[in-house]
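Hi,

Here is the structure for your set-up work. My notes follow below it.

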There are 2 protein chains.
Amino acid sequence: MVDDAEKKLLADVGRRIRETRAVQGLSLEQLARLTGISAPALSLIETGKRDPRLTTLRRIADAMRVSLATIIADGSHAAKASDRAPSGGYDLGEYQ
Amino acid sequence: MVDDAEKKLLADVGRRIRETRAVQGLSLEQLARLTGISAPALSLIETGKRDPRLTTLRRIADAMRVSLATIIADGSHAAKASDRAPSGGYDLGEYQ
DNA sequence: AGCGATTTTACCGTAAAAGATAAGATTCCT
DNA sequence: AGGAATCTTATCTTTTACGGTAAAATCGCT
C-alpha cells in the first residue's frame with residue numbers, strides 16, 4: 001500500500017461495493033452472513049482501509065449477484081498510466 | 001480457500017496473467033522487476049496457488065499495461081446490479 | 001545428451017488480512 | 001430527546017500473502 005494510486009483503487013472499489021449493497025438494501029450484518037466475511041472486515045474494505053484478497057472480492061460480488069468486473073471496474077488505464085514515452089515509462093532499463 | 005469455485009477463479013486469473021505475460025515476451029524475472037513482486041510470488045499466483053490482494057493484481061496489470069478487468073474477466077455473472085428477485089435466489093433465510 | 005535459462009518449490013521472516021468480540025460513534029426513527 | 005439499528009474502530013488470535021534466498025525441476029537450445 002502506502003502508494004497513493006493504490007489507496008485510491010481501494011477507496012474506489014470500496015465505494016462501489018457500498019453502493020451496490022445500498023441498492024440492494026442490505027446491511028453489513030446481512031452481507032456478512034451471505035459472504036461469511038465479518039461485518040467489521042466488510043466495513044474496512046468498503047472504507048478503503050483494507051486490501052482484500054481476490055477470493056474475498058469474489059465472495060462479495062457473488063453474494064450481491066454482480067460480476068467481479070462491476071466491482072473492480074477499474075478504468076485505471078484511462079486514469080493515468082495510459083501511455084508511455086517512446087522508451088520512457090518503466091522499462092527494464094539497463095537490466096536488459 | 002478450500003472452496004472449489006475459488007480455486008478455479010485463482011487458476012483462471014493466473015492463466016490469464018501468464019498468457020498476457022507470454023504475449024509480451026516477459027520472463028517472470030522481468031515482470032518481477034517491473035512490479036516489485038518477487039518471481040516466486042508471481043509463479044504462485046500464475047499457477048493459482050496463491051490468493052493475491054487487490055493491489056497486487058493491480059501492480060501486475062499496470063506493469064503489463066492491461067486493465068484489471070482484462071485479468072479478472074470472470075464472465076461468471078452477466079447480471080447487472082439492479083435485478084435482485086424480490087425474495088428469490090438465496091436470501092437471508094431464517095436469519096431474518 | 002548436456003547447458004543455460006526459466007520456472008517451480010521449499011524454508012524462513014515480516015506484514016497484513018480476516019474472524020471474533022466488544023466498545024464507541026453514527027444515523028434514523030418516533 | 002431517547003432508543004434502536006447500523007456502522008466504525010480497537011484488540012487479540014490465526015492464517016496467509018509476500019520478499020529473499022536457495023535448491024529442485026522443467027524447458028528450450030545447438
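Which residues are closest to DNA strand C, and how many surround it? The answer is 22 residues, the closest being D51(A), T56(A), L28(B), P40(B) and S43(B). "Near" here means that the C-beta atom, placed from the backbone, lies within 6 Å of the molecule or strand.

First, the ground rules. This is a predicted model: local features need pLDDT of at least 70, side-chain atom pairs count only at pLDDT 80 or more, and totals for chains, interfaces and linings use all residues. Residues are numbered from 1 along each chain as its sequence is written, with chains lettered from A and ligands numbered from 1 in the order in which they are written.

**DNA strand C**
Two or more residues each come from α3 (39-46) of chain A and from α2 (28-35) and α3 (39-46) of chain B. Helices are DSSP runs (H or I, at least four residues), numbered from the N terminus. α3(B) gives the most, with five residues. By class, this surface has nine nonpolar, six polar and seven charged residues. Ala, Val, Leu, Ile, Met, Phe, Trp, Tyr, Cys and Pro count as nonpolar; Asp, Glu, Lys and Arg as charged; the others, Gly among them, as polar.

**DNA strand D**
22 residues lie around DNA strand D. L28(A), P40(A), A41(B), D51(B) and T56(B) come nearest. The classes are 10 nonpolar, six polar and six charged.

The axes of α1 (residues 4-23) of chain A and α4 (residues 54-63) of chain B come within 10 Å and cross at roughly 120 degrees. Axes are lines fitted to C-alpha atoms over the stretch in contact, with angles from 0 to 180 degrees between N-to-C directions. E6(A), L9(A), L10(A) and V13(A) meet L54(B), T55(B) and R58(B). Contact means C-beta atoms, placed from the backbone, within 7 Å.

α4 (residues 54-63) of chain A and α1 (residues 4-23) of chain B also have axes within 10 Å, crossing at roughly 120 degrees. L54(A), T55(A) and R58(A) meet E6(B), L9(B), L10(B) and V13(B).

**Confidence**
Chain A averages a pLDDT (the predictor's confidence in each residue, from 0 to 100) of 81, and 74% of the residues score at least 70. Over residues 77-96 of chain A the pLDDT is below 50. Where pLDDT is low, predicted coordinates should not be read in detail.

Best wishes

Notes: Two residues are in contact if their C-beta atoms, placed from the backbone, lie within 7 Å.
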